[in-house]
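Subject: Structure handover

Hello,

Please find the structure below, with the sequence. My notes on it follow.

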Amino acid sequence: MSDDMQLDKDSKTDQDALAEEWSAALEESKKEGGARKSPSANPVELDELIDEGSKNAKTNPDLDVILDIPVKISMEVGATSISIRNLLQLNQGSVIELDRLAGEPLDVLVNGTLIAHGEVVVVNEKFGIRMTDVISPSERIKRLR
């Protein structure tokens, strides 16, 4: 029973010390006129971040955190607009004309964002896409604007 009392006393002492540290930090913050500003918090252009990000991408260990996040990848052969009347008249064997020429590269999209162009290939009796042109990260950002 005395061990339990000693543990309670120690945890109260730790809590009191922590509370004192927080109140001292808050007082210091109030004296300085609010939250402290980080010396490295300078405004930066988006293009500068992109350039820096591409330099650090291979050496930044923080990047490992997001590497296993799944993303949706899709290939777009082409697109077109049709009326609901024509849509309802479609049946087996109907042909829809797309906005692309035959042999033109497909768009490769990740979460709806164009990242590359490619061509259809067959590998082990399955369809695949061979990347013919990968869009740089800075170019992708420019397209978002």
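Does R130 count as buried, partly exposed or exposed? At 46% relative accessibility, R130 counts as partly exposed. Here buried means under 20% relative accessible area, exposed means over 50%, and partly exposed is in between, with a 1.4 Å probe and protein chains only. The areas come from the Shrake-Rupley method with a 1.4 Å probe, and for residues only the protein chains shown count as cover.

This is a predicted model, in which local features need pLDDT of at least 70 and side-chain atom pairs count only at pLDDT 80 or more, while totals for chains, interfaces and linings use all residues. Residues are numbered from 1 along each chain as its sequence is written, and side-chain values use heavy atoms, with hydrogens and water left out.

The sheet

An open sheet is formed by 4 strands in the order β1-β2-β3-β4, with antiparallel pairing. The edges are taken by β1 (73-76) and β4 (126-134); each has a single partner strand, so one side of each is left without a neighbour in the sheet. On average, neighbouring strands of this sheet are turned by 40° against each other, direction ignored. For such angles, axes are lines fitted to C-alpha atoms (for helices over the stretch in contact), and angles run from 0 to 180 degrees between N-to-C directions. Strands (E, at least two residues) and helices (H or I, at least four residues) are DSSP runs, numbered from the N terminus. Two strands pair if DSSP finds at least two bridges between them.

Strand by strand, the pairing is as follows:

- β1 pairs with β2 (residues 106-110) in the antiparallel sense over 4 bridges. In this part of the sheet, I73 stands opposite V110 in β2.
- β2 and β3 pair over 5 bridges, also antiparallel. D107 stands opposite H117 in β3.
- β3 (residues 113-123) and β4 are antiparallel and pair over 8 bridges. V120 stands opposite I129 in β4, and A116 stands opposite V134 in β4.

L106 is placed in strand β2 and is buried, with a relative accessible area of 9%. L106 and S74 are 32 residues apart in sequence, and their C-alpha atoms are 10.0 Å apart in space.

The two hairpins

β2 and β3 form a hairpin with 2 residues between them, and N111 in the turn has a positive phi of about 50°. The hairpin of β3 and β4 also has 2 residues between the strands. N124 is in the loop between β3 and β4, and has a positive phi of about 50° although it is not a glycine. E125 is placed in that loop between β3 and β4 as well, with a phi near 65°, again a positive value in a residue other than glycine. N124 counts as exposed at 71% relative accessibility, and E125 is exposed with a relative accessible area of 79%.

Charged and polar contacts

How many salt bridges does a search of the whole structure find? The search finds 2, where a salt bridge is a side-chain nitrogen of Lys or Arg within 4 Å of a carboxyl oxygen of Asp or Glu.

One of them joins the side chains of R130 and E119, at 2.8 Å from N to O. R130 lies in strand β4 and E119 in strand β3, so the pair ties together parts that are 11 residues apart in sequence. E119 is partly exposed, with a relative accessible area of 35%.

The side chains of D107 and R100 also meet in a salt bridge, at 2.3 Å from N to O. D107 lies in strand β2 and is buried, with a relative accessible area of 12%. A polar contact of 3.0 Å joins the side chains of D107 and H117. A polar contact is a pair of N or O atoms within 3.5 Å; within protein, one must be able to donate a hydrogen and the other to accept it, and residues adjacent in sequence count only if both atoms are side-chain atoms.

Nonpolar surface

V77, I82, L87, L90, I96 and L98 make a nonpolar surface patch of about 480 Å². Patches are made of residues with over 30% relative accessible area and no salt bridge; like charges are joined within 9 Å, and nonpolar side chains (Val, Leu, Ile, Met, Phe, Trp, Tyr) within 5 Å.

Regards
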